[in-house]
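Dear colleague,

I am handing over the structure below, together with some notes on what was found in it. Please read the notes with the model open beside you.

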Amino acid sequence: MDYFEFLLFFAEFAPVIVALNIGLVFLVRPSLRLPCLLLIPGLVVWMIGGVLIGSHFGDDFSAGHSYDPSLPSLRVAVERYIETGEGDADEIIESGRYKPSFGLFEIRYLLTDLLRHTFLHTNSHNEDNIDEGYNKGNAWFEATLGEPMVYTSGIYKKGDETLAEAQRYKLDYVAQAIDLEAGDHVLDIGCGWGRLAKHFSENFKARVTGVTLSHEQRAYGLKLNEGNPRVALYLQNAMTMRDNEAIMPEKGFDKITCLEMAEHVGIKRYQEFLKVVRQLLKKDGTLYFQVAGLRRWWQYEDLAWGLFMGEHVFPGADASCPLGWVSTQLERAGFEVQRTQNLGTHYSRTLFQWLEEWTKQKDVIVKKHGPVAWRRWEVFLRWSVRVARQGSSTVFMITATKAGEEAARIETQRRLAPVWN
């Protein structure tokens, strides 16, 4: 049974399913009402129980594992390393000897946090998650991301690029994807520390409006773009942007970029978010939509890593979904996908360079935050290098236009057509 598919369906249509279930309770005879009331909780228990049992007695789909039954589970081993420093993080993660079987760590997180976010996912949930995800202090992220301060994958043309070069190639790629021109008004949803805004405004003479929920990111971005009249950064929830007349241009934005922010919107509200984005975009506008997501052909390690990330790195990012699900959501919201690229191996290289940056700053971080915090972030980076390299999670770079806009469709496909040398 594909529990992942079941979870996606249930999370997206939970209100309808609950309403139908309540209606069913009143339609059946009294002796069947209790079983009807227990149907939804029973399905959740069945889903969690199935994954729990399967992770202990099933096998991952890919080859190359040599699990040692005398060793603890992968999650127990990394948590022990984080708390005590016992063992070698690289050996634990890369050896293939520690089975990714589910235990108390995974069950506790599922029951106390993930299910709540997945089935409810309110605006307040998003705002509450910002401190853990992005308000750790800008020095923390400088120690991870280096000088570029770009929290997404770089692009490597040759493979030996510096982190700054790879991120510059990436930002140029985004500009090419949306056909950025001087004078264009760009909305960057989840603008981070303002690097894309700076790059677009200085190198392409575009106007950029950036929105974020992190006050620390905005403060950094304002300083980075100080004195630049073409950049405006706001502390603003993208879901309610239409109500802010001070930000909204009358006819919408020429181009919209959204780089790995939509995962935080949640499965339940993905359609709502994409329909808002469509309303914000001009009739002939272009959307660059980048998402990190788990693969459809999942392994238990994929889920173990995803739950670790949700608990310690990106709380509330439950919409880290496969490409097929994301493209379907875009199409249902009224977009037409014009190009998609999968650059997960480039992300793995970027993460490795972030790990190098983090390792250089170990003494500084340990002095300020302690060794446990440093090791937890080290595990995030090391494990993510592996995950992105093997395809457990990857990054999809999508260019889209509004469905039904023939002129935009013709021009975008002309511009993005493959070129043979």
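The side chains of Glu-378 and Arg-382 are joined by a salt bridge, with 2.8 Å from N to O, where a salt bridge is a side-chain nitrogen of Lys or Arg within 4 Å of a carboxyl oxygen of Asp or Glu. Before going further, please note that this is a predicted model, in which local features need pLDDT of at least 70 and side-chain atom pairs count only at pLDDT 80 or more, while totals for chains, interfaces and linings use all residues. Residues are numbered from 1 along each chain as its sequence is written, and side-chain values use heavy atoms, with hydrogens and water left out.

Glu-378 and Arg-382 are four residues apart in helix 18 (residues 371-390), and so are separated by about one helical turn; helices (H or I, at least four residues) and strands (E, at least two) are DSSP runs, numbered from the N terminus. Glu-378 is buried at 4% relative accessibility, whereas Arg-382 is partly exposed at 24% (buried means under 20% relative accessible area, exposed over 50%, and partly exposed in between, with a 1.4 Å probe and protein chains only).

Salt bridges that share partners also link Arg-75, Glu-79, Arg-108 and Glu-311 into one network. Within it, Arg-75 pairs with Glu-79, their closest N and O atoms being 2.8 Å apart, and the two residues sit four apart in helix 5 (residues 74-84), about one helical turn. Arg-75 is buried, with 1% relative accessibility, and Glu-79 is buried as well, at 7%.

A further salt bridge, 2.8 Å from N to O, brings together the side chains of Glu-336 and Arg-409. Because Glu-336 lies in strand 6 (residues 335-342) and Arg-409 in helix 19 (residues 406-416), this pair ties together parts that are 73 residues apart in sequence. Arg-409 is partly exposed, at 38% relative accessible area. The structure holds 21 salt bridges.

With kind regards
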